[in-house]
Amino acid sequence: MTDLIPMTALGGAAPRSRRHGALSLVERPDIALASLALRRGAVAPAPGGLVLPGPGGLASADGLAAFWTGPGQWMVEAAGQAEADFAAALAAMAPGCSVTEQTDGWACFEVAGDAAALEALAERLVNLPAAALAPGRATRTVLHHMGVFALRRDPGCLALWGMRSAAGSLWHALDQAALRLTAFDET
Amino acid sequence: MRFSGLRLVKEALTGHRGWEPLWRDPDPQPRYDIVIVGGGGHGLATAYYLASVFGQARIAVLEKGWIGSGNIGRNTTIIRSNYLLPGNEPFYEFSMKLWEGLEQELNFNAMVSQRGIVNLIHTDAQRDAYRRRGNAMRLAGADAELLDRDGVRARLPYLNFDDARFPIKGGLVQSRAGTARHDGVAWGYARGADRRGVDLIQNCEVTGLRIEGGAVTGVETTRGPIGAGKVGVAVAGSSSRVMAMAGMRLPIESHVLQAFVTEGLKPLIDTVITFGAGHFYISQSDKGGLVFGGDIDGYNSYAQRGNLAVVEDVAEGGMALMPMIGRARLLRSWGGIMDMSMDGSPIIDRTPVEGLYLNAGWCYGGFKATPASGYAFAHLLATGRPHETAAAYRLDRFARGQLIDEKGAGAQPNLH
Amino acid sequence: MLIPHPLLGPRDAQEFTYLGDAALMNRPDPAAGEDAFCDHVYLRGNPAGVHRELWFHEQGDRSWLVVTRNTLTHEILGAELATDVARRSE
Amino acid sequence: MTRLSGHLVDTARRLSFTFDGRAFAGHPGDTLASALLANGVQLMGRSFKYHRPRGPIAAGSEEPNALVTLGRGARAEPNTRATVAELFDGLEASSQNHAGSLQRDWLAVNDRLAPFLAAGFYYKTFMWPKAFWEKLYEPVIRKAAGLGALSGLPDPDAYDRGYRHCDLLVIGAGAAGLAAALAAGRAGAQVILAEEDFRPGGRLLAEGGLLDGRPAPDWVAEVAAELATLPNVRVMTRTTVFGAYDHGIFGAVERVSDHLAEAGGGVRQTLWRITARRSVLAAGATERHIPFRDNDRPGIMLAGAIRAYANRWGVTGQRQAADPVAIFANGDDGHRTAAQLAAKGVPVLGVIDPRRDAPNLGGYETFAGATVTGTRGRLGLTAIEVTRGGRAEWLDCGLLGVSGGWNPNVHLASHHRGRPVWDEARLAFLPGPGGPAGLIPAGAAAGQGGTAEAMADGLRAAAQALGDLGIAPAPVHLPAAEAEPARQEAFWHVPGKGRAWVDFQNDVTVKDIALAHQENMRPVEHLKRWTTLGMATDQGKTANVTALAVMAELTGKAIPETGTTIFRPPYTGVSLGVLGGGDTGRGFRPTRLTPSHSWAEAEGAVFTEVGAWMRAQYFPRPGETHWRESVDREARAVRAAVGICDVTTLGKIDVQGADAGDFLNRIYANMMGTLPVGKVRYGLMLREDGHLYDDGTCARLGEDHYVVTTTTANAGTVYRNMEFARQCLWPDLDVQLISTTDAWAQIAVAGPRSRELLTRIADGADLSNQAFPFMACGAITVCGGLRARLFRISFSGELAYEIAVPARYGHALMARLMEAGADLGVTPYGTEALGVLRIEKGHAAGAELNGQTTARMIGLEKMVSRKKDAIGAVMSRRGGLASETRRLVGLVPVDPGAGVVPGSHLFAADAPQDTAHDQGWITSACFSPHVGTMIGLGFLENGEARMDEVITAANPLEGTEAALRVVSAHFVDPEGGRLRD
């Protein structure tokens, strides 16, 4: 193991979190991420038994989760694996596929709260019909001039993956939207 | 009838009974020496200079709607000659000089207001690029001045200097730039051309070009066929449509550019400001409205209207630059159809069809070019030779690879 | 505008980047020479009416789409994945 | 004054407010206008041009006269319609557009000068002397023009933006809109009901009618209550749908806290982009007036507005309750107002009606066959002149209601430039074809203005929308409305002497229209532009149709032949704050930070923007007083020892697949497919038009695996173009692409001691020249097993590497390199030193690759391979590009102390300095510690052939000029020995 000490996307030693009323925001530096793309004409694999979802879908099984990112392309997540060479592990599980390490290409923030509060926040962040962000759905979209992957892991959790380099801007956007929303609630 | 303050006093005291029509509404003659298709700014200016400078007679301007109904009547009224490339700068500076004497020449107050323009600078690299441009302007005889941050702050203290995503580091200023009353320009040229015998024919849409043996002999219109020795087409926004009647494809796409005006406000902004990093530019009209705009919508369109995303984007740019405008209200937005050319520069040239001439591809530089464009097109129509300042605006420059690409964006019209 | 994505359903045009005439997919054979390339690069369809055009779902699934749209009304008549179109024409 | 009975104002609670500093009281439910009228205040503003005294004419957002400035300081909001400003405790309003007080405005002198200020006067004068326009005339005009004033201070409020999607958007919660929303809501559709007012009901709150025998507001309350229980229905009050955009997208503004004394930290307004599969336009109608002599005095209102003030707010508009009220109407609608007022005990003088068979609905006198031909009252109406059968008489009158019929609010239906069509039976323009797809006009907006008609039409519209959406309808019972007489006769203006206003705010009179006609400004658009008619803040809502009718009369044509009028967004004014809502400060656009950002911050770096990135520009050290000292030191350190620099910002694209090499051959101008595994090659990318657009390196990590690097600025464009090539041009190649720019922290380690430094952290990897030569690449581990990629590439011309580790370790790696290399003199360097090093080496960067240049111009035309096809290859050889003679050269000053200024233009030493003799320009310049003087790069005509020539660099913009010697662009180690050692 290296003796270098990693830093989260927001520049801290530990993940950042914040609470606004019914909503909580948390940075998730522990999730490993790798992209998986099919070679021309290849059949989709089932890495670690995970059935790769169709367009707009998010699937999970046995500590892995995958969301569709484009025709023949997925991102695969592994919670708690960020320090490992997850891309290599995934490549081994999906032979013949093009796998690329993405863990540090992106920064993940999760927003938790009741479904109504999450949806009130989401409609101020992304321009998507409710169905695209229903539980079990995931999609790339634009959020305050940034590209993000928006994942509805379950009714009470919305995850957003944004470019790691713009993590501060993404956090700021989420934090401000949540802040304004809760201020509005109280008036 | 000559317009003057004295005349106005006389008419005011006698119930305004003496004012004459600004122009006639003649029926089309069977034949003209020169037919100009398009009664917008460029077409009217062309007709005016043909009659006044180049001694041509028997000229008609055919307009499918009303005089000035094209982009001359739907723009943000900015005039400037702050271009970089040698194919452009002398032409726009020629235009600026024509603006400077226009109202006296036309006997019509088009409210040419040389209130200056400031192009904001945000990075060192941008300052170098603007220095290159400012020098190109000076070398072509135009005025230009480079301001540092303090210079901009002294002049425009209300800009966001302290909490800006794109900090202001300076500005390129052209003091002789400014604005003009867009409709007034169209009307001034129309009245001037009419007084010199040009037939301005409204509600007359050209539906076909008569071409015999490789030469144009006239046009078909909704008001019947009209014979012509030469036909000059100046229909920016619709150039592809009209030239398709001659079987031509043009290096042009039609795009919509939105523009905006707020409710009237007391004087606040006394110059023209452009904020490239935020895709925003603004001035204030004499009536008090803040007139502003930004990028084109970006997709091919003939619909004369744009979409909300661009409206938001432009307003965001405005708020980032000058947060004092937050409580001003948008009054009206509109869309104009731009001839976006493949290198961002216009075309004033003959065509492969004998007697058929083209004035097109103005992107969003058309308004400021109106006088020079009319003059240069008239020069070409009357003499057969390009005007010296418009010699680079050739149709075959794309094939030859002699592009006039100010932005270096390549053959991608929506990036120019 | 809403672009009817063939895989994802209607999506706001703000997620897309516009390129232009779908004929840009028909790159000439390199042996066809300069004239063919000049036409390809500079002379594009610009109809006042139905236009087949390329949109890139840049903030989406990164698919290039061929969208059929009326430039007078902005009405969209259909959209396909550009790869499907490209493979069909090969 | 005491309120009339039956209003909807909570008189039990009192709200204090001020107008022009005077204290007043009103109640919850009041608007500023209703509260002022209740206090006997009629005069609320001044007109735009003549500064005529004005009071409100309307009770809604179409109000052209009663514009006030709300609030003060940075929160001052000019041009607010008093008729829609919701009253709150502590509201401060002030009148505007006057010099002196509202009552005594000395700019009212303009009214005396009116004959000189007729339509289009300014086009005819102010031309002499020429220089006076900017100096005298324009400043005077500008000062007099405008309405209210902005504070000039930054808007202190927060704005939000959001997106909502629904099956059906119902615009307007009046009779039609409520019926439509109820029907669609009960059927289970996802419904948004948007209402600009703070209270749903629309004209049902104003008409004073009964539904099923009960006051209409009771039914409104019931429906609103039911809608609130439906989870699929969202009612948005205080929300104006201002624009209809493509494909069912609407812009709407919700005034979240404008009606609150304190926003409590919340947002002021929210911009909603609503995407609706279908929409119902139930925006109601706007009453029009009838121009007659002096018809603009305070106290002259629309009759329907008087009815609204009486029924909803319990107020009338006289200054004293005993002042008689008259109505001037061409239809039965005006009579309803008179009858209702009479029933409420208001003194009604009568109804003046040009129709000979005018009715009488009881409680007032009818002046049949009569017109109003004049008025008196300087600051408020005192008397009207009624003319009947050629006989005129003056009657005392404190309030006159005018009713000329109703114009359907077709605005959104014409936002796609669809033209409204004239309906002769209804004397109105109705929504025409070409409206937004899926938008169904209903109720008064569709010409169905009666209460019963409107409700039924709302149901019809909902049924149509539900049918389109495939949703089964649910039953809705509509209450019975009373009969509403609605006969009317066309009557557009009262002819005669004097001035009769058509557009109140902009002071356009019937005479101005006649003058436009006389001067042949007859097309509607010419009329509007010549006279400014319809250009006021109400966008012609109260003027356009009337003006059209007057012009039709003058030309002897029918109204539809004369023209029509279309509307553009926004329906009513929208604040720029909310349109540009959200972050407008530093958060205006995202900022990207490098992995070592916080390390650099701790090192005291000064940062600069490169694209969206913040990069360390230089690292000042104690004792350094000028940035040049720092930069020189950093650049020297790289040439003499070793420097480190975060270069993560360069774009990185991972390319995999069996055909990856073939694919890259087509993307790069030079050959890339032959690159061996474990090697890196420099590459050029062209646009298809043959111009250069990007450069970078390409590393082959495996048989089927490459990593392409791009310039920082073009990372997105290159990726997009590669996807285009992959999907649209060559879909059968087996290639997969993905960006990995952010995944790796990439650090340049450059200088003669770079190998030594890297060896210390490289976990024993053999970095010798034999094992890892120039242009090698490979995977290694560093710092005890951290996976890394090492590239031996050089931008500085020195022995150099770039090392990449997972981005989370970038910060720690920088610190470790500093520690490990302390004895080697390791020095962090920023973008300035990076620029110095690359200029000294003659490498092209952004200023040289500006999209206008070619491979030939930077001396690399040989890299454009003729052995294969690649994007841009064919076009790069055409005439204009092949005959280009400008070449990248190096430039040094003849006088070693002289400056070299980028952006200067280049001339032969003795040539005149003008456009015709311009031979090029300086792209980049810096002080070179290596050369000991300023040096520059530039493009110069025939540059290759002019080595050692002395030329002139002219910078007239800043008044400098320098004699420069033309030299090779490779100032350092032109043979390239250092980077290969």
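Start in chain D by selecting strand 22 (residues 383-388) and strand 23: six bridges join these two strands, which run antiparallel. Keep in mind throughout the tour that this is a predicted model. Pick out R388(D) and you will find R391(D) opposite, in strand 23 of chain D. Now widen the selection to the whole sheet, an open one of three strands in the order 21-22-23, paired antiparallel. Strand 21 (370-376) and strand 23 (391-396) of chain D are the edge strands, and each pairs on one side only. Direction ignored, neighbouring strands of this sheet are turned by 25° against each other on average.

Next, show chains B and D together and select strand 16 (residues 329-341) of chain B with strand 31 (residues 574-575) of chain D. The two strands run antiparallel and are joined by two bridges. Zoom in on R329(B), whose bridge partner in strand 31 of chain D is S575(D).

How many strands does the open sheet with mixed pairing have? It has nine, in the order 5(B)-6(B)-4(B)-13(B)-14(B)-15(B)-12(B)-16(B)-31(D). At the edges stand strand 5 (145-148) of chain B and strand 31 of chain D; each has a single partner strand, so one side of each is left without a neighbour in the sheet.

Strand 5 of chain B runs antiparallel to strand 6 (residues 170-174) of chain B, with four bridges between them. Here L147(B) stands opposite G171(B), a residue of strand 6 of chain B.

Then select helix 9 (residues 308-321) of chain B. Helix 9 lies across strand 12 (252-262), strand 13 (272-275), strand 14 (280-284), strand 15 (290-300) and strand 16 of chain B. Relative to strand 15 of chain B, helix 9 runs at about 140°.

**The two domains of chain B**

Colour chain B by domain: domain 1 covers 5-81 + 83-107 + 182-250 + 343-415, and domain 2 covers 117-177 + 254-341. The C-alpha centres of the two domains lie 27 Å apart. Their contact takes 30 residues from domain 1 and 28 residues from domain 2.

On the domain 1 side of this contact, the elements that give two or more residues are strand 3 (78-79), helix 3 (89-100) and helix 8 (239-244) of chain B. Helix 3 of chain B provides the largest share, four residues. By type, the residues on this side of domain 1 are 13 nonpolar, twelve polar and five charged.

**Where the chains meet**

Zoom out to see the chains together. Which two chains have the most contacts among the five pairs that touch? They are chains B and D. Select their contact, and you will have 96 residues from chain D and 87 residues from chain B. On the chain D side, helix 3 (residues 132-144) of chain D gives the most, with six residues. This side of chain D divides into 37 nonpolar, 35 polar and 24 charged residues.

Now turn to chains D and C, where 19 residues of chain D are in contact with 21 residues of chain C. Helix 17 (residues 715-729) of chain D gives the most to the chain D side, with six residues. Eight residues on that side are nonpolar, three are polar and eight are charged. For a pair that does not touch, look at chain A and chain B, whose nearest C-alpha atoms are 10 Å apart.

**Chain C alone**

Hide the other chains. Chain C has two helices and six strands, which run β-β-β-α-β-β-β-α from the N terminus on. Along the principal axes, the C-alpha atoms of chain C fill a box of roughly 40 × 25 × 20 Å. Of the 90 residues in chain C, 50% are buried.

**Last stop: the nonpolar cores**

Bring chain D back and select A180(D), V280(D) and V749(D). These residues have the most contacts inside the largest nonpolar core, which has 440 residues. Centre on V749(D): leaving aside neighbours within four places in sequence, its contacts include V642(D), I644(D), L757(D), L758(D) and L817(D). Finally, show chain A and find L58(A), A66(A), W106(A) and L151(A), which are among the 64 residues of another core, apart from the largest one.

Key: Residues are numbered from 1 along each chain as its sequence is written. Chains are lettered from A and ligands numbered from 1 in the order in which they are written. This is a predicted model: local features need pLDDT of at least 70, side-chain atom pairs count only at pLDDT 80 or more; totals for chains, interfaces and linings use all residues. Two residues are in contact if their C-beta atoms, placed from the backbone, lie within 7 Å. Ala, Val, Leu, Ile, Met, Phe, Trp, Tyr, Cys and Pro count as nonpolar, Asp, Glu, Lys and Arg as charged, and the others, Gly among them, as polar. Domain bounds come from an automatic or database domain assignment. A nonpolar core is a set of buried Ala, Val, Leu, Ile, Met, Phe, Trp, Tyr and Cys residues joined through C-beta atoms within 7 Å. A residue is buried if 20 or more other C-beta atoms lie within 10 Å of its own, exposed if 12 or fewer, and partly exposed in between; C-beta atoms are placed from the backbone. Two strands pair if DSSP finds at least two bridges between them. Axes are lines fitted to C-alpha atoms, for helices over the stretch in contact, and angles run from 0 to 180 degrees between N-to-C directions.
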